[in-house]
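Biologist: Could you take me through this model step by step, and give the cut-offs behind each term as you use it?

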Amino acid sequence: MENIRIKGIDIYHPGKILDNAYFINHFAERDKDIERFLTHMGRDKRYVIDNSEENGLTMGVAVARKLLKKLNLTGKDIDMIVFSTQVPETTFPTNTMFLHAAIEANSETIIFDSNANCAGMTVAVEQASYYMKANARINKTLVVGSDYNSLISNPEDEITYANYGDAAAAVVLEKTKEDSGFIDAIYHTDSVNRDKIMYPGNGLSNINSEEDKYIKWLPFNADLAMPPTYRMLERLLERNNLTTNDIKAYCLSQFSLANILKIQNKFALDQKQLIYVGDRFGYTGTSSPFIALHEAVETGVVTRGDYVVFWTIGAGFQLVAMLFKY
């Protein structure tokens with residue numbers, strides 16, 4: 001039986017670093033004290049684009065080229081390309097069209113952009129894995145996740161402006177006869193908060209004001225996502241005959257350190273099982289669980305044959321948990 005494994009992973013981030021002091025001062029000038037908020041979210045530093053030469057597309061191209069070079073591959077080796085983003089540089093054509101040109105991929109290569117908001121790259125890897133199993137002609141897939149979050153973060157809103165960072169991640173998936181790769185995934189969708197995080201805030205057909213340049217983020221009860229998260233993780237492990245101790249690394253959404261700690265407490269996870277990079281990268285949206293995986297691989301926490309659980313959340317909200325044997 002053929003499995004779909006992660007052949008390699010890499011990341012890219014801009015050079016500009018902003019630390020908490022910048023944002024604390026920024027919001028202090030607006031009579032807001034955000035120090036407790038930043039502690040709750042687990043922030044310290046984040047990378048942001050500060051020039052006109054970079055954007056979500058260029059970050060995606062950069063990380064794709066970097067990964068292909070590391071794996072001694074070229075664009076000709078890639079049978080399918082998926083570009084996950086919630087901040088596309090263009091919608092006509094797809095970002096993937098530019099990426100296809102940049103890596104000089106074949107004319108038979110399948111390309112498309114995908115968007116499941118912050119859950120996007122996890123969903124893209126899961127969907128690509130299932131598709132590869134079904135299509136005998138697809139042997140290698142490049143999945144890129146890249147969000148230029150600071151572009152649409154409201155300078156008056158700490159939950160986006162002080163919380164987000166810019167970065168991209170890429171993985172190459174390949175077929176293998178080895179006992180490794182994608183195992184299972186589980187979803188939970190509840191559309192109760194569908195109008196709480198919106199961009200453009202009033203829809204594409206109503207872009208009229210300066211305010212529409214930024215994400216509209218209205219208050220909502222984020223704790224609603226935790227009970228289904230616990231049930232998903234329990235079911236994912238139970239139906240694959242695994243326990244929490246069998247998992248070498250949990251690569252979770254880096255949106256909030258507080259959420260990660262809740263999951264740790266719920267399942268009594270060891271600290272070394274949790275990969276946290278949100279203090280150095282900020283919240284990078286679609287790529288955040290894979291930036292955590294990159295950290296785990298680069299530091300030797302995860303090696304071939306280890307079980308890895310991904311979990312993340314998209315606006316609205318949608319949860320996805322995914323199990324891999326790396």
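Modeller: Let me start with a definition: buried means under 20% relative accessible area, exposed over 50%, and partly exposed in between, with a 1.4 Å probe and protein chains only. This is a predicted model, in which local features need pLDDT of at least 70 and side-chain atom pairs count only at pLDDT 80 or more, while totals for chains, interfaces and linings use all residues. Residues are numbered from 1 along each chain as its sequence is written, and side-chain values use heavy atoms, with hydrogens and water left out.

Biologist: How many residues of helix α10 are buried?

Modeller: Helices (H or I, at least four residues) and strands (E, at least two) are DSSP runs, numbered from the N terminus. Helix α10 covers residues 288-298 and is mostly covered. Among its buried residues are Pro289, Phe290, Ile291 and Leu293, and of its 11 residues the number buried is eight.

Biologist: Which residue with a positive phi follows α10?

Modeller: The phi in question is near 85 degrees. The residue that follows α10 with this value is Gly300.

Biologist: What percentage of contacts between residues at least 6 apart in sequence join residues at least 24 apart?

Modeller: Contact means heavy atoms within 4.5 Å. Counting contacts in the chain between residues at least 6 apart in sequence, the share that joins residues at least 24 apart is 77%.

Biologist: Why is the pair of Phe23 and Tyr161 edge-to-face?

Modeller: Rings of Phe, Tyr and Trp (its six-membered ring) pair if their centres lie within 6.5 Å, and planes under 30 degrees apart count as stacked, over 60 as edge-to-face and the rest as tilted. The structure holds 13 aromatic pairs; in the one formed by Phe23 and Tyr161 the centres are 5.5 Å apart, and the pair is edge-to-face because the planes lie at 80 degrees.

Biologist: How many residues apart are Phe23 and Tyr161?

Modeller: Phe23 sits in helix α1 (residues 20-28) and Tyr161 in helix α6 (residues 158-161), so that the pair links distant parts of the chain. Phe23 is buried at a relative accessible area of 2%, and Tyr161 is buried at 19%. Their separation in residues is 138.

Biologist: Is Tyr130 buried or partly exposed?

Modeller: The rings of Tyr130 and Phe182 have centres 5.0 Å apart and planes at 75 degrees, so this pair is edge-to-face. It joins helix α5 (residues 120-134) to strand β8 (residues 181-189), 52 residues apart. Ring pairs link Tyr130 and Phe182 with Phe290, Phe310 and Phe324 into a cluster. Phe182 is buried at 4%, whereas Tyr130, at 38% relative accessibility, is partly exposed.

Biologist: Which residues does Asp279 contact, leaving aside its neighbours within four places in sequence?

Modeller: Asp279 lies in helix α9 (residues 278-281), and its relative accessible area of 28% makes it partly exposed. Asp279 and Asn20 are 259 residues apart in sequence and 9.9 Å apart in space, C-alpha to C-alpha. With those neighbours left aside, the residues in contact with Asp279 are Gly42, Arg43, Asp44 and Lys45.
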